[in-house]
Amino acid sequence: METAINRKKYRQTISRFQSLIALFILCFVISLLSDKFLTATNIWNVMRQISVNICISVGMTLVVLTAGIDLSVGSILALCGAITAGLLKNGIEIPSHNLYIGFTIFGAIITGLLGGSLLGWFNGWAITKFKVPPFAATLAMLTIARGLTMLWTKGFPISNLGEKFASLGTGWFLGIPSPVWISGIIVFIAIIITNKTKLGRYIYAIGGNESAATLSGINIKKIKIAVYTIAGALAAVGGILVTSRLDAAQPNAGTGYELDSIAAVVIGGTSLSGGRGSVMGTVLGAVIIGVLNNGLVLLNVSPFWQQVVKGFVILIAVVIDKANAKE
Amino acid sequence: MKIAKYIISIVVMIVVAYNAVFFKKLDEVKASRTTTAFNAAQYAQTFWNTKLAANLDKATDITKLLTMLSKDPAKTFETYSHALGIGNLRCFLVKGKGVIASINEDDISVLPDSSKQAVTLATEYIFGNAVRDATGLININEFTNTMDFNNVSAELNKIIRQNVLPSFKQQAKKGSVIEFIGAVELNKEHLDFSHVEIVPMKIEIDE
């Protein structure tokens, strides 16, 4: 009897730290196979790359915790990056009045963030108002936002945005890359929201049992709209970081980012059926995905095989999640 | 209480808007843009006429290069190639003399002297960064953004399409002996000698 309890406790401990264990094993194996992996340059480079995914994945975690999904984050990222870059570079021209409205870096970033929030709000509104499945509503937004990006950029990159703006994605603060600080602050706020606020408790409640949450008086619509709005805003943060880092807004930026963020969420232990998971788990998931991507590149694995490997890692994570849920 | 909230919101919005946008006359902005923009075409033309022309004599003979690559690829890549980053694609500045073996729709096949291995000279689709990177004379750090850097490649390729190829394509005949200098991009990990395509920078027909 005691052995069975001990075994269960042991399994629970393993399950709790499974992402961390997976990360350690991954780092250990890659460092054995590539001497470039554990260099400071490479580690900071990986951290910079992961930062964008962390921003998006934190928003995705909140969405998935409500048993939803957001497939539009990659396109919202591209559109908001393009809006920010476009306003910063070209401003708004009103030839009829010989007027040029220029945007400061602050103004362009605020507008980009507002754009992301608005698109996220629209996702939430469509899902709650018309009872459209999150999958379908955000899939539609994926196409809408991508189309708007193409219209805004005319299919060309918007580049040469200035050193000050570029420092947001490429700069350092206290010896740590700026994007790492930004994603760190976002993670910190998200942890506070999910663990210490009413909004956080409502998010878990909706994902755990929506009917029960409705009966207990939670305004489901309001919470869901808030969650999708936050996800949109965080995708915009990702877009601004990518644009700043490349010093250019690419019309096809963010393609496939939704998959990376969903992978980070799932690998981090958040249940796709909602109500279970954590922001910290997602951060670990994003780090695993980032390290895996970096490792495969360092080991010279073909990009086609990289996709196959990533797919299998996600599948394994989902299978483990299902097994944990049964226990 | 509600009124206070509204007032605070309005004040915040005004402060944000004041720091977010500024207004100028459109014609003044347009005038300043034309003077500050990077001119890739001008940069490419200057590079072509000065730096590139002065360094063409540093090109490695293609037959010699292919022989060295087959014997000691690592050392040959290290000694003769240039590249932007740490990737496997690296560029060589090459020269050669040989007989035109065939003239095709998009390229010509040349059999260099003392070699059984034909090489291809691109004559239709001139793209990529081989010309820009082969000499190693253009440093990415000179550029404020990658678009300008990439535009230099596009402009160099345009010079080849407009100034190098038209007259050559008119005169080229099968069996003619030509001398060429060009750039070639090779993959360090997957060397394929069966299809070596050179982007020509200078071609002269001897006979």
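Predicted model: local features only at pLDDT ≥ 70, side-chain atom pairs only at ≥ 80, totals over all residues.
Local features are given at pLDDT of at least 70 and side-chain atom pairs at pLDDT 80 or more, while totals for chains, interfaces and linings use all residues. Residues are numbered from 1 along each chain as its sequence is written, chains are lettered from A in the order in which they are written, and side-chain values use heavy atoms, without hydrogens and water.

**View 1. The interface between chain A and chain B.** Contact (heavy atoms within 4.5 Å) involves 21 residues from chain A and 20 residues from chain B. The two chains bury about 1700 Å² between them, 57% of it on carbon and sulfur atoms; this is the accessible area (1.4 Å probe) lost on being put together, summed over both parts. Helix H4 (73-90), strand S1 (92-94), strand S2 (99-103) and helix H5 (105-129) of chain A each supply at least two residues to the side that touches chain B. The largest share, 5 residues, comes from S2(A). Helices (H or I, at least four residues) and strands (E, at least two) are DSSP runs, numbered from the N terminus.

**View 2. Strand pairing across the two chains.** S2(A) pairs with strand S1 (residues 21-25) of chain B in the antiparallel sense, over 5 bridges; pairing requires that DSSP finds at least two bridges between the strands. Gly102(A) has Phe22(B), in S1(B), as its bridge partner.

**View 3. Surroundings of Thr149(A).** Thr149(A) belongs to helix H6 (residues 134-153) of chain A. Thr149(A) counts as buried because its relative accessibility is 0%, and buried means under 20% relative accessible area (1.4 Å probe, protein chains only). Apart from neighbours within four places in sequence, Thr149(A) is in contact with Ser75(A), Ala78(A), Leu79(A), Ala82(A) and Pro251(A).

Technical notes:
Buried < 20%, exposed > 50% of the residue type's maximum accessible area, 1.4 Å probe, protein only.
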